[in-house]
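Please look over the sequence and the 3D structure below before reading on.

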Amino acid sequence: MGGKKNTIDRKMDDCKEFTKEKHAKYFLRCLNALPSSLVSLDSIRLSISFFAISGLDVLGRLDLLDKHKEEYINWIYLFQILPNCNDECLERCGFRGSLAATFSLENQDTSCVGNVRNKGSISSHPLDTSHITMTYAAINTLLILGDDLGRIQRKGILAGVKALQLENGSFAATLEGSESDVRFVYCACCICYILQDWSAINIEKATHYIVNSISYDGAIGQDRNQEGHAGLTFCGIAALSLMGTLETSLSLNQKAKLVRWLVSRQQSGFQGRPNKLPVDTCYSFWVPATLKILGAHQFIDRKSNRKFVLDTQCNIIGGLSKWIDHSSDPLHSYLGLAGLSVCEETDLVEIIHPALNVTKRAFEHWQKLVND
Amino acid sequence: MAYDIPSPCDLLVIGTGLTESIVASAASRIGKQVVHVDHRNFYGSNWATFSFNNLQNILGSKSLNKDSTKTVEETQNLNINLNSNTICNIVEKWYLPDEDVQGNIDNQKNLEETINKVPKETLTKSEILRDSRKFNFDLSPKLLYSRGEMVDVLITSGICRYAEFKNVSGIYTVDNVKRTLLSVPCSRADIFNSKDITMIEKRLLMKMLSMCVECETKPEELKEDEMGNFGNFLNAHKIQGKVKKYLIDAVAMATDSTNFHDAVKNIQKFVRSIGRYGNTPFLWTLYGSGELPQCFCRCSAVFGGVYCLNHSTQTIVIGSDGQATGIVSDNQNLKAKFILIEDCLNPVATIKSGISRAILVTNKALTSDQAALITFPSVNSKDPVRILELSASTMVCPQGFYVVHLITHQVTTAVEDLKEAIDTFFTVFESNKNEALNKPQIIWSLHFNINEYNSPAGMLPSNVYSSPGPNSSIDFDDHVIQARNIFKSMFPDEDFLPRVPDPEDIILEGSLEDVLEESKENHKEAQNIHE
Amino acid sequence: MHGRLKVRTTAEQQEIKAKERAKKMVIYKTAMNLIFSKRKSGELDDEILKITGQVLTENPDISTLWNIRKETILKIKDAMPDLIDSYISKELALTEQCIRVNPKSYNSWFHRSWVLDQGSSVDFHNEFLLCDKCLELDERNFHCWDYRRIIVQKSKTSLENELQFSTDKIQKNFSNYSSWHYRSELLPRIYPSSSDESLLDDQKLAEECNLVQNAIFTDPNDQSAWFYQRWLLFNGDEKFRTSSSHSSLLLTLNNELESCQQLHDLEPDNKWVKLQVCELLRRINGLGNETEILQLVQQLIKVDPLRKGYYTYFGNSTILMNLKKKIKKEFTSLILNTLIVSGSKIVEENQEKRTGQS
């Protein structure tokens, strides 16, 4: 294994060196504290931890969390909203984005929080509701950490998801109301797929909504009137794939048009929409993952993408940034690596499940759970 | 105060034209003591802008110099002749009656009101002169390339704060046969929207522009064409007709025989400047180009330069080592390390060529632009004529009138050199004539020539420099470069008009902040004493 | 009298910035605590609006705070309906400020469109001005385009007006992908074809083809124009066409092919025009043009090696498609021949039988 690695490294001489350990350390730091420049991320802490933890998994360095694994799992469960005794307000259940809105920890000593094996808390007021992206991030992260999902309140979560689907098949993010689009459809599908329970989603309507969001250029936008966007296209196609309706809902022509659009996004790395430059690291995941799901990933020029992603590595603090010579952040660090993963750069990273966005190893752990 | 002129100083500048004013401001900026004199009673020298009345005064009195009846001594000193007629062949014509013969027009009403209420036939010269101050006539009007040397220097030095600019909104050339104006598409959007050229012509035009712009980075592609002239180069690339005209007349500012390199350089300047402040590459200085020398002088004064108008310099004093030691000006001896003299006063300068100029006031515009640049292409191997049509919004004239400047290289005299261009587009004003005639009518015109000088090398002491006057090009870049070269020659290790610091980072010692801090400290101390 | 000029050093600048940041942190924490405690005790009042407003101006992405504001507005609407309009204008002012801070914040745009529904009347002129301003800053801001669609709908603005808007935008900058996209939405609704509502009227199609050709010839590297042309020409690929609309489409395709080939002559290294010529040749007569298509595919691979895999696939799928056609053709003629042969055999046999019998 070591010898093989060296040969490949020498072939890719024109690429920047891959500083794996630096990135691992970067993710560890993200789990502890973030700089004030990223204060806007405070309300979505769970997704940050997903990026960091899945990032470590993709790097093959999940071992660095071994000592604290239980703590992290406990911490994540803190965010879960449990059904109350009468099962009223079931729709609020799921996972919260941050603890700022909850008052159950008011009097607790926060330093020992991680050591308590807890399941979460009930919703303390009508605004203390779940956020679908956080539910998705939490469940994925628990899987990655090897949890058996035993403390997941299936009933509550599924009720929470179901409550968020709209008439037109789309999903909102929270019960209080928010914009609704294909991103949240994707989150809903991931949740139901992992919990192996599709009762919470009207699959026909959701599929219909996604297909109706296909824009004039063949890709998926926020709705059919919007121009296609690579991130949203991933969400739509991955959702169809998870629901099992991908083959039947898109005609060959639609698929061909979509593939052509996706393939045209590559400039070195990938751009999110036509004429939008410079290329951004996160699209190195969205575009290749979508092509992989469509079975067309052989059209990617892996070498150019690899070179670009490696160029976005930050020298000093580690991690990857959205553009070259920019500062790094958790989202782009994770997605850049996941992108390399999708392109099967196995000398650098682990392989990933393109639709669920977790490593093959985590996926196999899930399969075991399902079979038991 | 007027006699507190520091002596010795580091740099003594004679003449407040643009080039020397730029040098003066650059020298002051780096802490040199500058003394800046001009025998005239206005700033700008041959670059100045005048109101109607002031222009009449300047043209009237050609003897601005103080009487130099002193006998010329046979010394090695250089004597300066303030009588040199840099501006010559002056012909002024009014096409309006002097006074209104018919009516009783209220003397208090201003010109604009009069125009609105009374038919134009009764327009008179005295009415126009009543609003003299609303006219601003440049001796040497020029434009700024949006990404040219002048704009760069104005921004980095902060001098841009002292002036305002407006975008030149239209660029035209002229159809040789039909003698009509052809609008030149400058930006991509203009080319896209143009209904005057075919699609293939659009592609050829864009391709040629890209090729010229990339010339620097991909010279291999163009080697075989480097020897030829630009006209042949275009022919070789199948560029004909309107597109060829656009490129040669307007974009490259060239003629058929201009060499390839010069044309490409101009094209690069043109294309680079599009889109920064507007669709065309050019800016016009509000209130006239004479504002710019004044801005540079102001900057020099802010940094300690001393200014004296009405100060006539008679002699440059040369020392025993052949270097200049100073000047004699208004009977004062002023010492200086360096002397910079405008070339029209330079004792050893010779006339090398000239500029033919005309200024017209008209009553109707050729274009609907606020400021337009028209190139009247070269005919009979004369140089092209650049025409600048300016409307009231450029602050050079009142509403309802237009100022037209014509500039070309001198061949005979201004009147002859510019006749064809003027006759093609304008006709003279005749009262009682039907205004339905399409051509704009000339109410007043002024023709003159400006001499261009050459200062032969080696004839001046090495610490005396000659500052070039205006040339016939339409922009300022040459002059900024000339100023920079002079500055670098005088002060080789210094920065030329370096960037000013961000105002937030500037602390004035003895400022309010410090005072407050101090008083806080004192207050604390006082409290301690009490306790 | 004059102070001396002293310029702050970078170290001093950094220290000042660090102090400012620390101050901000404290303010943020205090504010959040206050907001949630008020919410808990049901105090949805002016003060909560003030504080949430201050926090949101710094960080518009906290959706919970927007939702608290929504709750407060609804409460006021119930309790003091006369005052609602003044609160609405405050919401509009706040969302506008937040949009300035982060023009891509979902929450701000979403809240603004929610607010529009709460008041008694809407100043649509103002809303359009806001959109125009945002689009001028960033022509691709899809939040803003989406918001524009919402206000077009609410204000019942005519689609023709919006078409003119997109025309103006394209005239200013034809690389505006979003403007072409907007056009593609509007046109079929204003000028539908008589045969199929989702297709464009023939004459309008010709005008648009001409418009986009100007863009393509001015800059053949601009993706937005090519995508728009693809939509114009190939949108009806899967649609059933009457024979007259089919022949008019064929005419259009042939015209476009001619002009694309002219452009190709001028720009032999441009991948977009090559690909477009391929697509046109394939649709006009994939079988007959196969050789030319495959030649172009080879050129494409040279000119755009990043997408080598895709072009190879394109070439192969053309061959496959043609092969299927050929087989179908031959199979059909084989069947016909067999039928004819066997038919004539039957006739012969019958004849023999008859002659035999006689």
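The model is predicted, and every value given here is computed from it.

Helix H8 of chain C covers residues 159–172, and helix H9 of chain C covers residues 177–190. The two pack with their axes 9 Å apart and at an angle of about 150°. Because an angle over 145 degrees counts as roughly antiparallel, H8(C) is roughly antiparallel to H9(C). The crossing of these two helices is left-handed. On the H8(C) side, the residues that take part include C:Leu159, C:Leu163, C:Phe165 and C:Ile170, along with C:Glu160, C:Glu162 and C:Lys169. Sorted by class, the contact of H8(C) with H9(C) has nine nonpolar, three polar and five charged residues.

The cysteines come next. How many disulfides does a search of the whole structure find? Over all chains, the search finds zero. B:Cys88 is an example of a cysteine in no disulfide, and the nearest cysteine sulfur, that of B:Cys344, is 12 Å away. In chain A, A:Cys343 is buried, with a relative accessible area of 6%.

A serine in chain B is worth a stop. B:Ser445 lies in strand S21 of chain B, which spans residues 441–454. Is B:Ser445 buried or exposed? Its relative accessibility is 3%, so B:Ser445 counts as buried. Leaving aside residues up to four places away in sequence, B:Ser445 touches B:Val91, B:Glu92, B:Lys93 and B:Tyr95, and also B:Ile359 and B:Leu360.

The last topic is the backbone. Most peptide bonds are trans, and most residues other than glycine have a negative phi. One joins A:Leu277 and A:Pro278, with omega about 0°. A:Pro278 sits in the loop of chain A between helix H11 (252–263) and helix H12 (283–293). Another cis peptide bond runs from B:Ser7 to B:Pro8, and its omega is near 5°. B:Pro8 belongs to the segment before strand S1 (9–14) of chain B.

Positive phi values turn up in chain B in residues that are not glycine. For B:Arg179, phi is near 55°. This arginine, B:Arg179, is in the loop between strand S9 (170–174) and strand S10 (181–183) of chain B, and with a relative accessible area of 31% B:Arg179 is partly exposed. B:Asn310 has a positive phi of about 60°. The loop that holds B:Asn310 runs between strand S12 (306–308) and strand S13 (313–318) of chain B. B:Asn310 is partly exposed as well, at a relative accessible area of 42%.

Note on methods
Residues numbered from 1 in each chain as written. Chains lettered and ligands numbered in written order. Predicted model: local features only at pLDDT ≥ 70, side-chain atom pairs only at ≥ 80, totals over all residues. Heavy atoms only, no water. Axes fitted to C-alpha atoms, helices over the stretch in contact; angles between N-to-C directions. Helix = DSSP H or I, 4+ residues; strand = E, 2+ residues; numbered from the N terminus. Parallel < 35°, antiparallel > 145°, perpendicular 65-115°, else oblique. Left-handed = near helix turned anticlockwise from the far one by under 90°. Contact = heavy atoms within 4.5 Å. Nonpolar A, V, L, I, M, F, W, Y, C, P; charged D, E, K, R; others polar. Disulfide = S-S within 2.5 Å. Buried < 20%, exposed > 50% of the residue type's maximum accessible area, 1.4 Å probe, protein only.
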